Amino acid sequence: MIHHLCASGVSVLVDARGTGVPAIVHWGRDLGELDDAALAALADAVVPAVSPSSIDVPLRLSLAPSLADGWSGRPGLAVAGERPVDLALALRSCERIADSAGDRLAISVTDAAASVDLAIALELTPQGVLRMRHVVTNVGEATLHLGAAASVVPVPDRARELLDFSGLWANERRPQRLTPGHGVWTRESRHGRPGHDDAFLLAAGTPGFGFRTGEVWAAHVAWSGDRALWFERSALGPTTIGGGELLGLGEVVLAEGETYDAPWLVLAWSDAGLDGVSARLHPWVRSWSTIDRPRPVVLNTWEAVYFDQSLDGLQPLIDAAAEVGVERFVLDDGWFRGRTDDRRALGDWFVDAGTWPDGLGPLIDRVVAAGMDFGLWVEPEMVSRDSDVAREHPDWVLQPVGAPTWRWQNTLDLANPAAFAYLFERLDALLSEHPIASLKWDHNRDLLAIDAHRQTRAFLRLVDAVRAAHPEVEIESCASGGARIDLGVLERVERVWTSDTNDPLVRQRIQRFTSLVVPPEYLGGHLGAAHAHTTGRSSSLSFRMITALFGSAGIEWNLAEAAPHEREAVAGWIALFKRERGFLHSGVVVRGDDADPGVLGHGVVAPDGSRALYARVALDSAETALPAPARIPGLDPDRRYRVRPVEVGGPPPVIADAPPPWWAAGEVVLSGRVLGETGLAMPLLAPENALLLEVTAV
């Protein structure tokens, strides 16, 4: 039988005829209504010829391609017993289930001789997101060593150009584009977490695809540990995208009856560029999101005070935070026993009696009395060699003595039941003893140890256990900034710390590309001090505020030291965020395709097209004295819109003798088609600044 899964303008055709593993015949644009005869004719019409010097039957790329099928490309499955096994899988069943959660195929295949059962789950969600995963079961007496259980899907040959990402600490999600020839382009992470250089999203598209143009087939591995993404353009077969957990030698060994559940490979097709990918992923994430309340405005103490903590010392910061309208006060690193700097005490999760002689209760009472809830920083997976827990339980430390530390710390072996129980007990005690509304859960080093699989699984179990015991507590995923952001951890948290940098110039690009996958309500973005701690660069208050507005907004700045006019401006910015956060966190994210690399535009449009907020950003000096008009994408072409500038912290700094006439007039009314195609002349912004536009249908 041929199954036609269809949703939101996407068709997926799966050929389950015969006794072999089913194959995807088409994934992409909606093919319309097709009866059984038409489906069979379509599937038969794309069966390839038999080429010279090849297997003597047409090559068929199944959902689990192998050498036994004649597939010599990179396989998704790799299994070994006493010796490697060349799987020859036969179809047992293919059941289709369609409901409000989507259209799903539950496929069961087996290799009786190898004692391997494989369950393949393939889903097309109502938003047009395609998901695929494998579940491998050992049904024999001998142990099986699993080398890979990744998913592989075909993409059309016209998908020639690639986009993925690299990065560094405080500079994540840096895009890189290439047009590979024949061969495999592989991105692998061996950090024990995705890492600052995580590929994040692999997008294959028609040449020149952009944010608003071109066809794109994109893939993301929903897994918080080691992982691989690849694109293969073969001289001998179809073009493919694949991805899954990256397994090391001996990491997964299955005894009789044991099962390995692979992470999901999340896929999205778009005929409207990268924005079309976001337009599928964001509504899908929101359909299962754990977020159930407006995102509070956060103040985090790290860059305000670092380790210099005391009740009286933090009181001015509490007062300033309350004055400007902060809703959550988060105490960062330095509160626990013996923690005077970053070289000691990780793992000793008891309140420091010297810094907090009466415990955290008095601080929390003052925070709550000021109208805010309280959050706390923790780093449960890490341990300092100079700590009581490491001295008392050296067998809990994953790295051997003498191995390189990373940020002066090692890792606790969460797969050790005693270490796991200790961490849960300490987190449970803290959350039971105090009214803590949120945990900022950090992870400040690469694992650099074998068996990242077990560590990642244990981390997820620990988060799940904490959430089950304290469902009211929100969790923010942080990994020395943005080194653990993926759709697997997103199922368990309400916020991610997008990057350790608060420099708005760097943040603009990081947020721009992280939001390809992650909706903005998850993306923690803070208003830092004028002088950025990570880059040494200074920036205007307006630029910092507009940058932090488009996400889960917060502050990381000692407001007690800010001038009165600065605090007044911050209070106005927070009021703006509170007024707009429901809109910003439910709308459609749009991004402009600007030819000038020194400028960029982005915004959020209401799903019904009734309004938009749009930022115009000058990253650098413009290429020309008279820059091209800025196009405002995503509006209804047949409606008319009033465009008005919104002052955030004062008028934007410009380098011009006079602004455009419409700007001087205060507003202009034009159709969505004109705004999207012709655009508007903009004031000549000084480099490293931004302006905000409100667009309203009239």
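1. In this predicted model, Phe165, Phe200, Phe211 and Phe513 come together as one aromatic cluster. An angle over 60 degrees would have counted as edge-to-face, and one under 30 degrees as stacked.

2. The positions of these two residues along the chain deserve attention. Phe165 belongs to strand S12 (residues 161-168) and Phe513 to helix H9 (residues 504-514), so their pairing ties together parts that are 348 residues apart in sequence. Phe165 and Phe513 are both buried.

3. A second aromatic pair is formed by Phe336 and Trp377. Their ring centres lie 6.2 Å apart with the planes at 15°, so the pair is stacked. Phe336 is found in the loop between strand S23 (328-331) and helix H5 (361-369), whereas Trp377 is in strand S24 (residues 373-378); the pair thus links distant parts of the chain, 41 residues apart. Phe336 and Trp377 are each buried.

4. Arg426 is placed over the face of Phe350, at 3.9 Å from the ring centre. In another such arrangement, Lys440 has its charged end over the ring of Trp497, 5.2 Å from the centre of that ring.

5. Strand S35 (residues 640-646) has two strand partners to note. With strand S36 (residues 668-671), S35 pairs in the antiparallel sense over four bridges. Val643 has Val668 of S36 as its bridge partner. With strand S37 (residues 689-697), S35 likewise pairs in the antiparallel sense, here over six bridges. On this side, Arg644 stands opposite Glu694 of S37. As a general point, the side chains of a regular strand alternate between the two faces of the sheet.

6. How do the axes of helix H4 (residues 311-324) and helix H11 (residues 564-584) cross? The two axes come within 8 Å and cross at roughly 50°, which makes H4 oblique to H11. On the H4 side, the contact is made by Ala320, Glu323 and Val324. On the H11 side, Arg567, Val570, Ala571 and Ile574 take part.

Notes
Residues numbered from 1 in each chain as written. Predicted model: local features only at pLDDT ≥ 70, side-chain atom pairs only at ≥ 80, totals over all residues. Heavy atoms only, no water. Buried < 20%, exposed > 50% of the residue type's maximum accessible area, 1.4 Å probe, protein only. Phe/Tyr/Trp six-rings, centres within 6.5 Å; stacked < 30°, edge-to-face > 60°. Lys NZ or Arg CZ within 6 Å of the ring centre and 35° of its normal. Pairing = 2+ DSSP bridges. Axes fitted to C-alpha atoms, helices over the stretch in contact; angles between N-to-C directions. Parallel < 35°, antiparallel > 145°, perpendicular 65-115°, else oblique. Contact = heavy atoms within 4.5 Å.
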